[in-house]
Amino acid sequence: MSERIVVDPVTRIEGHLRIEAEVKDGKIVDAWSAGTMVRGLEIILRGRDPRDAWAFCERVCGVCTTVHALASVRSVEDALDIHVPANAELIRNIMFCTQYMHDHVVHFYHLHALDWVDVVSALKADPVATSALAQKLSKYPKSSPGYYSELQKRLTKFVESGQLGIFANGYWGHPAFKLPPEANLMAVGHYLEALEWQKEIVKIHTIFGGKNPHPNYLVGGVPCAINIDEANAINAERLAFVGQTLQRAKEFIEQVYIPDVLAVAPFYLDWAGIGGGLENYLVYGDLPTNGFADVKSFKFPRGAILGRNLNEVHPVDPKNDQDEIKEFIDHSWYEYSQQGGLHPWAGETNLKYSGPKPPYEHLDVDKKYSWLKTPRWKGHAMEVGPLSRMLVGYASGNDDIKGAVTDALGALKAPPSVLFSTLGRTAARAIESRLAGIWGLEFYNQLLANIKAGDTRTFTREKWEPSTWPKVAKGVGCTEAPRGALAHWIVIGDQKIANYQLVVPSTWNASPRDGKGQRSAYEASLIGTPVHDPHQPLEIIRTIHSFDPCLACAVHLYEDKKEIARHELLVK
Amino acid sequence: MDIESRTKSPKEETIYEHMLSRGVNRRDFLQFCAWMGACIGLEQTGVAQMTKALETKKRIPVVWLHFQECTCCSESFIRSSHPIVADILLDKVSLDYSETLMAASGHQAEKSLQDTIKNYKGEYLLCIEGSVPTAEDGVYCCIGGKTALQIAEEVAKDAKAVVAWGNCACSGCVQAAKPNPTSAKPIHKVIAGKPIVNVQGCPPIAEVMAGVLVHLLTFDRIPQLDNLGRPKAFYSRRVHDTCYRRPNYDAGLFVESFDDENARKGYCLYKVGCRGPSTYNACGTIRWNGGVSFPIQSGHPCIGCSEANFWDNGPFYQRTPAFPGFGIEQTADKLGIAALAASAGGAAVHAVMTNIRKRHEIGEHAGENAEQAEKDNPESKS
C-alpha cells in the first residue's frame, strides 16, 4: 500500500518548489518536482537595449545575485565580439569567487544545516565537551567553554520563551538526526557566526558593484574605475579592504565550514549511499584566466560525464543548435507549435496552464505539472552543480580540483564513489568553496600586479555605441552559478533585443520528466530514499536541499500574436 | 527534554531581557537604541521612548510571505550591518513564518502559519516580499496549492499591519515591466483595509528594513509615509541631493564614458544615465552594506530601483531629461514620480542651476581646466 505525500512549500530554498512523492514500505518509489511560480522575464526583455539586459536578468535571483548579470553581459559581449580588459575579467572573477563563498556558506548553515542538526538536542550538550570538540577540529578562535556555555544559555532561554520563531514545528527528535548534542551545539554556534560573517564578505561586491544584493555590472567591463591617486575610485584603501575581506573569508571557509562538513559527514555516511540519482553531469565551466573566449583557460573546466564514467569527459558546445542542448515541454505548462525539443536559439514558449484549479490537493502528474521546461543534453538528463563541477574537474585532471577532492576524500577515508550521493553533493559544495577562497586571492594578487604595472583599464568603449553593431548578432553567455551550469542566449536585431532566453541550473535539476519518461535530477535522486515518517518529510528535504534549489526564476513566455514567442523557462 | 515540555509554560520575555540573555550588556543595548534612533531620525526624547519600548515589549510575531520575487529582500535583510540589529530582527521579533529560514517545510510550515494567525489574531505583522500575479486567476504563483492572491487575502485579514518589502511588493518591479505578462500587481492593489508600509528598493537597504521594523516595534504605529506609502525617514530625499558627487553636477563636471578620465576622478554620472535626480532613497546617506559604498560611489549610475516603473523609464544609460524644481527641499510629495516624464527643455533648466563658481573651484582643485570643461558641456552655458 503506497501513500502520496506532498511537500509544499519546500522551505529554506529560493523560490516556490513542490515535491510530491509516492512512499511504499518506508521508501520513495516515485517522485515529482514542480515549479509553481513564473514571471515572464524573457518577454519583458524583448525590444530593450541589450546593454540593460544584465539588470533585468540579475533580478532573476537575489540569492545567487550576480550570476545572471554575469551571464547576460557575457552574452552581449559574445554577440558583439567585445573583449573586456584584463582588470575587468579579474574583478568579475573576484566577485565570482566571493559569490561562491557567500552562497555556499549561507546554503550550508542557513538553508541546509537544519536538515542535519537537531537544535533542541543542543540544549543537552556539555559546553566543555563541545569546546573540546571544536578545538580538536579547528583553530577557529570562538571555541571556548565559556562561548558554548553562553550560547547554550541563550538557546535555552529562547526555547523557554515559547516563541520559537523559525524553529517552530521543526523535525526535532526525528530518528534521522544522528549528531551528538555537542556537535549540534557547535553547529548552532556556527549558524550564528556564519550569519554574522556573510554580511562581511559581500562588501567586496559593494566595493566593485556599489551594493549587495544586486551589484552593478556593465557590458564591456566593470563600472568601477581604478585610480590609485583618487579618493573616488578603486584605490589602495579599497583594494586593501577587498584583500582583507578575501583573506578573512578564506579563513572562515577553512576554519569553520570545511571542518564542520568533515565532522558531520561521518555521522551520516548512510547518506553517501542515498540520493545519487542521475549518472550524468554537465558543466559549462568558468573563471577564465585568459579571456572568456579561451575555454581551455577556465579554472572550472567545461565538459560532460555520462554514466559516472570518470575516464571520459565529453566536449560541450552551447552554440551547437542541432544536437546538444534542447528543451522539452511534455510535462510543462506550455505549448509548442511543433513536436520535439528545441535549442534555445530556436525555442518557443507559450504559457498554457492546464493544471488543477487552485486551491488543489494534488497535481495531475500524468499530464503537465510544472512551470519548468525540461532541458536535455544530447537527449540525456544531466545533473548540474558543485558535484558536477568537481567530477568534471577531477576527471579532466585539473590539478587544483583533483587535489581538493583527494584531500577531502582522504580526510573522510572514503572512496570517490561516495560522491555520487546526497552527502557527496554537500561535500562537493564545501570542496569548491575552499578553491574559491584560494582562487579569489590569486585573482586579487594578479589585479594588484596589473595596477602596479600601470594597467588600470576596466572598460572597453569599443562597440559601446549601438551604431557600431551589426544589424543582427547572436551570442551565448555561459557561467557556472553556485547551483550549476547557467547560460543566456541572446539575439540582437536593429540594436534591440530580438530574443533572449535563459536556461538556468534548477531548470536542469528540478524539471519534470521528459516525453520518454526520463526523470530529471531531483526526481531521480529521491527514488529509494527512506522515509521514516511520511508526515515528517525530513529525508526528502535533505536530498532536495543538497541541490540547493533556486526556483525563483521560473520564467517564461507568453504568446505573441504575430511572432512565435520563444523564451525559456528559467528556473534556477 | 523535548520541545513540548520546554515550552509548556511560555514566558514571553521582553526585547531587553532577550538581548541580555544573548550576552548583550546594557551599555551596548543603549548604544544600539541610540544608533537605531539616529538611523530613523529620532530626537533624543524619541530614543528614550524607543529604549523603554524595547525593554518592555514581547517579541512581535512576524509572518514573512514570498510571492513573485527573487528573495533579494530577504538576502538584504540578513545583511543588516549592526550586529545587534541582526540579532533583534531574527530573534527579537518572532519570525514565525519565513520560507527562506524556517526549519519546517510543507504541512509543518503551513501549521506554523496557521498557529500564528490563530494565536495572534490582530497582533502579527505581515511582511510580504514579491508581487501577486492576477492573470488567469492567479495560477502563475501557487504555494501549498493556493494562489498568492488567496494567501495574501487570507493572511492579511487578521494582520496588524502590512510591510511591503522591495519594489516587487511596492510596485511590481521587473515582472510588472511592460508588457507585464502575468499581470503582476503590488500589494497595495490586492490588499485593502490594512495599513501598508512600502519599503522601496530592489532590494531595500538592509538598515532601512531594520529601521522600519524597529519603528513599528517601538512606537506601535506605522511611520510617517509619503504619498507613495514610503517611510519619510528614508525616502524623503533624492539620491541626487544626498550624493557626495553632487558638487560635480552643480559645477558641470561629468563622466562622459565609463572609465574615462572623468570617471577616474569620480565626476557626476548624470550624462551616462544616472537616475539620482528622480530617485528617492537613502543610498547617499546610509549607503550599502554597512556604509561601504553605494552604486554611484562605485562608478555606476543609479538605476532608480526605489521608484515605480523604473524598468520602463527609458534605457538605463541614456541621459534623462532634466527635471523641474531643483533644490534639496523638494520631496516626493511635491515633485512626484512623474518628474521624468513631465520634464521638457531639460538642458535649459539644468543650465540655470549650474553653479559656475563652484565649478571653477572644483575644476581648479582637481587640476581641471574649467573653460575646457565648459566647452565639453555646452548645454551648461545656455
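Helices (H or I, at least four residues) and strands (E, at least two) are DSSP runs, numbered from the N terminus. With that in hand, look at B:V93, which sits in the loop between α6 (83-92) and β2 (94-98) of chain B. This is a predicted model, in which local features need pLDDT of at least 70, side-chain atom pairs count only at pLDDT 80 or more, and totals for chains, interfaces and linings use all residues. Residues are numbered from 1 along each chain as its sequence is written, chains are lettered from A in the order in which they are written, and side-chain values use heavy atoms, with hydrogens and water left out.

Is B:V93 buried or exposed? B:V93 has a relative accessible area of 4%, so it counts as buried (under 20% relative accessible area, 1.4 Å probe, protein chains only).

Now for the interface. Here 107 residues of chain A are in contact with 96 residues of chain B, contact meaning heavy atoms within 4.5 Å. The two chains bury about 8,500 Å² between them, and carbon and sulfur atoms give 56% of that; buried area is the accessible area (1.4 Å probe) that two parts lose on being put together, summed over both. A:R39, A:Q163 and A:I166 supply 8% of what chain A buries against chain B, more than any other three residues.

What about charges? The rule finds one salt bridge across this interface, taking a side-chain nitrogen of Lys or Arg within 4 Å of a carboxyl oxygen of Asp or Glu. A:R48 forms a salt bridge with B:D312, and their closest N and O atoms are 2.8 Å apart.

Notes: Buried < 20%, exposed > 50% of the residue type's maximum accessible area, 1.4 Å probe, protein only.
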